[in-house]
Amino acid sequence: SAVHDAQDASQELLRNLMDALGRLAKAAHRGEVEAVDWGAHLPLVHTRVLAVFGLSSAMDDTLVRLLHSASASAASADDSLTAPLSYTFKALTLTRAAARLVVHSLTPARGSPPLAPGCKAPVALFLQLARNMETFMNPSNDGHWAARLSHFAFQVCKALDGRLRWEREQAAAGRQGPYEPLGAEEAAEVLATLRQLLFTVAHSKNSMAKSFARRGLHHLVLIEGARASGELLDHSLAALTTETATHQTEAMLRVLARVIPLLLTARPEAPAAA
């Protein structure tokens, strides 16, 4: 029991640390606290974010020990009705905080020094993180990480929706935030990557993962307005007319039921179709 107590304490420490960093990133982005220069720290931050998902290939020995008990207790998958809800919710507080941290560190603070040679830009690091996630997000994958990865993708969409809306409001009021705004090309690349991840997860065997995919697509439609409809409807048509993967039909009907009302009543400030 002493070992379990120590592991629980380590988990609590990791949750508190990630939550504090996520809150700091959001507050700094909005000018509520002094701006943080995340540049040099982002490679380590993204490594720790991968560890939050419980993917042993992404963790060093210390993090394996920190997360061992949680991963073992969830081996039957987070979505199981027999899995303790308290564990599931604690795991998802980690992914929510990680998403907040990643989204609000996507651009440098105004006036910050250029990145050192060989260092990747924040958006490039996020795209690399997404590629690493994609490996584990195959619809047939139902490991204990399925709910965490899909919840992280959903929370990234939600945090990105909030960030972009806040930046539009600041620009409309003639104000500048302490960080560079996310550029149109960078935002388009991030959104396209998220869209493909969520299209994949929408067909997952894991019902929690599918639910998070629908919620993530909900936020993407809020961000992009009519611009999101083209790919979404093309993907839906392929899923609805398939004769060999009929399970996709139900999944896409659920997605459409969630997002079609948004497509019909897009936010006034959402970008129009090109």
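Predicted model: local features only at pLDDT ≥ 70, side-chain atom pairs only at ≥ 80, totals over all residues.
What order do the elements of the chain run in from the N terminus on? They go α-α-α-α-α-α-α-α-α-α.

**The chain as a whole**

The chain has 274 residues, and 47% of them count as buried. Now take the contacts in the chain with a separation of 6 or more: 77% of them come from residues 24 or more positions apart.

**Aromatic pairs**

If you search the whole structure for aromatic pairs, you'll find three. Two of them are set out here.

| Pair | Ring centres | Ring planes | Arrangement |
|---|---|---|---|
| Phe53 and Phe152 | 5.1 Å apart | at 70° | edge-to-face |
| Phe154 and Phe212 | 6.1 Å apart | at 5° | stacked |

Let's start with Phe53 and Phe152. Why is this pair called edge-to-face? The planes of the two rings stand at 70°, and the label applies to planes over 60 degrees apart. Phe53 sits in the loop between α2 (42-52) and α3 (61-73), while Phe152 belongs to helix α6, so the pair ties together parts that are 99 residues apart in sequence. Both Phe53 and Phe152 are buried.

Next come Phe154 and Phe212. Their ring planes are at 5°, so this pair counts as stacked; the cut-off for that label is under 30 degrees. Here, too, distant parts of the chain are linked: Phe154 is in helix α6 and Phe212 in helix α8 (residues 207-224), 58 residues apart. Are these two residues buried or exposed? Phe154 has 4% relative accessibility, so it counts as buried. Phe212 is buried as well, at 6% relative accessibility. For both, the test is a value under 20%.

**Cavities**

Which residues line it? They are Phe136, Met137, Asn138, Asn141, Trp145, Ala146, Leu149, Ser150, Val201, Ser204 and Ala209. Helix α6 (residues 146-172) gives the largest share of this lining, with three residues. Sorted by class, the lining of the largest cavity has seven nonpolar residues, four polar ones and no charged ones.

Definitions and conventions
Residues numbered from 1 in each chain as written. Heavy atoms only, no water. Helix = DSSP H or I, 4+ residues; strand = E, 2+ residues; numbered from the N terminus. Buried < 20%, exposed > 50% of the residue type's maximum accessible area, 1.4 Å probe, protein only. Contact = heavy atoms within 4.5 Å. 1 Å grid on protein atoms, 1.4 Å probe; cavity = no way out; pocket = protein on both sides within 12 Å on 5 of 7 lines; lining within 4 Å. Nonpolar A, V, L, I, M, F, W, Y, C, P; charged D, E, K, R; others polar. Phe/Tyr/Trp six-rings, centres within 6.5 Å; stacked < 30°, edge-to-face > 60°.
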